[in-house]
Structures are given as C-alpha cells and as structure tokens.
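Work through the following exercises with the structure in view, and try each task before reading its solution.

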Amino acid sequence: MDSTSIISALEQQLGSDTVARISRQLGVDPSMASSAISMALPTILGGLAKNASHPQGAEALNNALADHDGSILDNLGGLLQNPAGSAGAAILGHIFGRKQAPLEQGLGKATGMNAQQIGQLLMMLAPIVMGVLGRMKQTQGLGAQQIPDVLNQSTAEIEQKAPETAGLSQILDRNHDGNIADDIARMGSSVFGGLFDTKS
C-alpha cells in the first residue's frame, strides 16, 4: 500500500515545469505563481478537511472521488491550457460555496494577483488535488472513514511546516464572509511562501 501523503504527492505534481506552465497561463512570473500556489493549496485542503469533518461530508467526498480517478494527473498540460473546461469550478463550489469570492479576493491581496487570476489558479489546482485524492483512494483503498484522517494529516503536515497556518481553518469556519479576504491577506505570503517546494 502506497503511504504517500497528499502533500508529497502534490509536490511531485507541482514541479518547476508545471509551475512555469501555470505562470505563463496566468501571465505572471514563476516566483509569484509559486507563492500563490503555496497559499492556494492549503485553503483547498483546509476546505476539504472541513467539509469531510462530518459523516455526510465525508461520504459525499468519497462518492465524488469515483469521478476523479487520478487520470487528470496524466494530462496536466490539457488542464492547465483550459482550466475553465475542467471540473475545477464545480469542485470549488462544493468546497467553498459562498466563501469562494472573498477567498479569491484575500488571496489576490496577499499575492499581488487579481481575483480573476486567483480564480484561474484555483480551477487548475482543485482538479489536481482531487486527482491526487482519487489516486490515493485507489492505491490505498481509502473510503469515507479514512478520507477525513488523510485530510487531517495533510493539514497537520501543513501546520508543522508553517505553524502560522493554524488559523486558516478558523477563517474558513467564519460566517461573516466579508472578513475572509482581509484575514487571508493579513496572513500574507510570508506564511505560505515556503510551504510547498514548487521550485524543485
């Protein structure tokens, strides 16, 4: 059984060539793209972990992974060239709901990118995260009971690498959506910048 963590698997997918492709698609330099990726991925994983923290959410995610078998990881070029044509928007809607727009605004403020660029980036990253999870489901035999543990492990690993991200789940839990943008912007790229080794 492959015990690769979500973080390790994502680092393998997001090497320097992939980051360069993402940066060209977004029209930004690779260092800015790398920093934005390092901020966006924890929010996606944190959102998934929050949704899977109750049985109904875990079961819904487990069922969704039946449509995300990891094959997307074998054609990242197609995904990155046409993120709008992927399932990314639907995935993000399920993860963040009404919090998506203020989340994009906050990430934009923190990275110096605009909300449209952040939206594109999230649409690229969400199918990659789901593909990694789907492949882990297949190789490790994950089900609705194991998925929350795997996601919690990923958030714990993130917090170990960047302890300041411990406040991220509280931000995503807030009901006052208007505050999310400013809160995430305050956390800033200094918190997330070195989280993922996207330059290797």
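This is a predicted model: local features need pLDDT of at least 70, side-chain atom pairs count only at pLDDT 80 or more; totals for chains, interfaces and linings use all residues.

**Exercise 1.** Describe how H3 and H8 cross, and state which classes of residue make up their contact.

*Solution.* First take the geometry: the axes of H3 and H8 come within 10 Å and cross at roughly 55°. Angles under 35 degrees count as roughly parallel and those from 65 to 115 as roughly perpendicular, and H3 and H8 are therefore oblique to each other. The crossing in which H3 passes H8 is right-handed. Then list the partners: H3 contributes Ala36, Ile37, Ala40, Leu41, Ile44, Leu45 and Leu48, while H8 contributes Leu121, Leu122, Leu125, Ala126, Val129, Met130 and Leu133. Sorted by class, this contact of H3 with H8 holds 14 nonpolar residues, with no polar and no charged ones.

**Exercise 2.** Carry out the analysis for helix H1 (residues 6–13) and helix H8 (residues 115–140).

*Solution.* The two helices pack at an angle of about 125°, and their axes are 10 Å apart, which makes H1 oblique to H8. The crossing of H1 and H8 is right-handed. On the side of H1 the contact is made by Ile6, Ala9, Leu10 and Gln13, and on the side of H8 by Ile128, Val129, Val132, Leu133 and Met136. When the residues of this contact are divided by class, eight are nonpolar, one is polar and none is charged.

**Exercise 3.** Which residues of helix H4 (residues 55–64) are buried, and how are they arranged around the axis of H4?

*Solution.* The first step is to pick out the buried residues of H4, which are Gly57, Ala58, Leu61 and Asn62. Viewed down the axis of H4, these buried residues fall within an arc of 135°, so they line one face of the helix. On the other side of H4, Pro55 and Gln56 are exposed.

Definitions and conventions
Residues are numbered from 1 along each chain as its sequence is written. Side-chain values use heavy atoms; hydrogens and water are left out. Axes are lines fitted to C-alpha atoms, for helices over the stretch in contact, and angles run from 0 to 180 degrees between N-to-C directions. Helices (H or I, at least four residues) and strands (E, at least two) are DSSP runs, numbered from the N terminus. Angles under 35 degrees count as roughly parallel, over 145 as roughly antiparallel, 65 to 115 as roughly perpendicular and the rest as oblique. A crossing is left-handed if the near helix is turned anticlockwise from the far one by less than a right angle, and right-handed if clockwise. Contact means heavy atoms within 4.5 Å. Ala, Val, Leu, Ile, Met, Phe, Trp, Tyr, Cys and Pro count as nonpolar, Asp, Glu, Lys and Arg as charged, and the others, Gly among them, as polar. Buried means under 20% relative accessible area, exposed over 50%, partly exposed in between (1.4 Å probe, protein chains only). The arc is that of the directions from the helix axis to the C-beta atoms.
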